[in-house]
Amino acid sequence: MNDLVDVAVVGAGPYGLSLAAHLRRSGVSHRQFGLPMKLWREHMPRGMFLKSQGFASNLSDPDGAHTLRNFCLETGKRYADYGIPVSLQDFVDYGEWFQQGRGLEVEEQLVTDIAQRPGWFELTLDDGQRVDARQVVVAVGVEHFPRIPEVLAELPAELCTHSSAHDDLSGFDGQDVIVIGAGQSALETAALLHENGAKTRLVARRRRLSWNGYPLLPDRSLWQRMREPEAGLGSGLSTWFYSEHPEWFRHLPEQVRIERARTALGPAGGWWLRERVEGCFPVHVGHRLDWAKATGDQVRLGVRVGGQVREFAADHVICATGYPPALSRLRMIGSGLRSSIALVGGTPRVDADFESSVPGLYFTGPLVAPSHGPVMRFVYGADYAARRIASRVERSATRPLVTGGAG
């Protein structure tokens with residue numbers, strides 16, 4: 001057996017980096033694996049903006065010093081708590097600044113397997129190395145869960161892809177592209193395609209597009225703020241509940257939690273995106289995919305509208321159709337370990353401190369939205385999760401020996 005580390009953190013996005021910052025501060029021995037901010041670097045398109053407000057886009061820092069605001073002040077970037085969208089590039093750079101500022105040592109290797117052993121876990125890395133840890137926190141992002149509708153799933157990749165497959169949409173200049181979906185990802189993908197010279201059309205089964213409202217004025221009356229509070233995920237009482245009280249959400253009935261985790265807060269576009277969509281390119285709402293087939297170097301779609309089927313043709317179809325999390329799609333969790341993990345809505349059932357039914361195995365981020373609520377799908381949830389998990393694992397961790405010092 002290799003030397004045991006107290007905690008292995010699997011993932012180096014906002015949730016993984018946030019947790020590692022707290023573990024390092026508390027002196028818990030740990031190792032972290034993953035490619036820092038990989039989802040944001042490789043699976044999001046250039047020119048994208050975060051939907052979250054500036055104040056809701058912070059990684060969790062134990063001292064409160066490594067905030068997005070402080071990063072922007074130090075680097076001369078535009079920033080506001082409300083009203084100025086955060087660019088993808090600024091957020092990626094902020095993640096790197098956070099990692100360096102907190103002194104986080106990320107081993108840039110992927111975990112390919114996690115196996116349970118008596119009293120510890122064995123992790124296999126992509127280079128074949130084995131790592132042993134008393135506890136494991138799986139803090140992976142949604143890049144493991146892209147969904148392509150079944151009717152499109154058999155199309156070749158050169159004709160149909162998920163939106164997460166593209167970090168640069170300029171390559172579609174001059175091509176006829178159909179975007180499937182009605183949420184932020186679909187709307188922004190379509191806008192960026194149009195702005196990069198593609199002939200763009202948006203096809204959505206929803207009867208109309210939804211848009212988030214403008215940020216609320218900070219000088220509203222107390223009564224207005226009570227009726228419609230502003231929170232990390234947006235405004236309104238239900239949004240405030242999801243944003244600020246995941247510890248309450250977990251006490252809702254199971255089926256309610258599963259449904260709210262899936263449907264709350266979407267699909268809708270950011271207020272700042274609306275003028276880049278409406279009137280800029282064709283938007284076909286109330287259209288449901290009926291069939292799809294490849295014909296040479298094009299794809300043809302049969303789309304049902306009411307009782308009729310319309311036919312569309314395009315050079316490429318991009319599915320901005322979400323990332324429904326499911327433990328079964330996380331390949332690093334082998335069948336043996338997976339069979340021991342209790343589920344809720346196909347995701348790990350975790351307790352108040354994010355521990356699964358397998359002692360010592362924790363999950364955080366989108367995979368636990370049915371347990372802790374929709375906030376786990378957003379950067380804003382990283383602070384709550386990191387503090388709860390760090391506090392829990394610290395209580396059971398071994399303390400490093402202190403050497404040297406005054407005699």
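Student: What makes strands S4 and S5 a pair, and in which sense do they run?

Tutor: Strands are DSSP runs (E, at least two residues; helices are H or I, at least four), numbered from the N terminus. Two strands pair if DSSP finds at least two bridges between them. S4 (residues 111-117) and S5 share six bridges in the antiparallel sense, so they count as a pair. Within it, Gln 116 stands opposite Phe 121 of S5. The model is predicted: local features need pLDDT of at least 70, side-chain atom pairs count only at pLDDT 80 or more, and totals for chains, interfaces and linings use all residues. Residues are numbered from 1 along each chain as its sequence is written, and side-chain values use heavy atoms, with hydrogens and water left out.

Student: What lies between S4 and S5?

Tutor: Two residues separate them in a hairpin, and Gly 119 in the turn has a positive phi of about 90 degrees. S5 also forms a hairpin with S6, with four residues between them; there Gly 128 in the turn has a positive phi of about 90 degrees. S5 and S6 (residues 130-138) are joined by four antiparallel bridges, and Leu 123 has Val 131 as its bridge partner in S6.

Student: Why is S5 called largely enclosed?

Tutor: Buried means under 20% relative accessible area, exposed over 50%, and partly exposed in between (1.4 Å probe, protein chains only). Five of the six residues of S5 (residues 120-125) are buried, so the strand is largely enclosed by the rest of the structure.

Student: How do you know that the span of helix H5 is close to the expected one?

Tutor: The expected span is 1.5 Å times one less than the number of residues. H5 (residues 184-195) has 12 residues and reaches 16 Å from its first C-alpha to its last, close to the 16 Å expected. Nine of those 12 residues are buried, so H5 is also largely enclosed. The buried residues, among them Leu 187 and Ala 190, are covered by elements including S8 (176-180), S9 (199-203) and S16 (316-319), with contact meaning heavy atoms within 4.5 Å.

Student: What makes S7 and S12 the edges of their sheet?

Tutor: The open sheet has five strands with parallel pairing, in the order S7-S16-S8-S9-S12. S7 (160-162) and S12 (283-284) each have a single partner strand, so one side of each is left without a neighbour in the sheet. Inside the sheet, five bridges join S8 to S9, and Ile 178 stands opposite Arg 201 in S9.

Student: What makes a set of residues a nonpolar core?

Tutor: Its members are buried Ala, Val, Leu, Ile, Met, Phe, Trp, Tyr and Cys residues joined through side-chain atoms within 4.5 Å. The largest such core has 81 residues, and Trp 40, Ile 114, Leu 123, Val 136, Leu 330 and Phe 363 touch the most other members. A second, separate core has 22 residues, including Val 179, Leu 187, Ala 190 and Leu 273.

Student: Why is Thr 364 called buried?

Tutor: Its relative accessibility is 3%, so Thr 364 falls in the buried class. Thr 364 sits in the loop between strand S19 (361-363) and helix H11 (369-372). Not counting residues up to four places away in sequence, Thr 364 touches Tyr 15, Val 137, Val 138, Ala 139, Val 140, Phe 354, Ala 385 and Ile 389.
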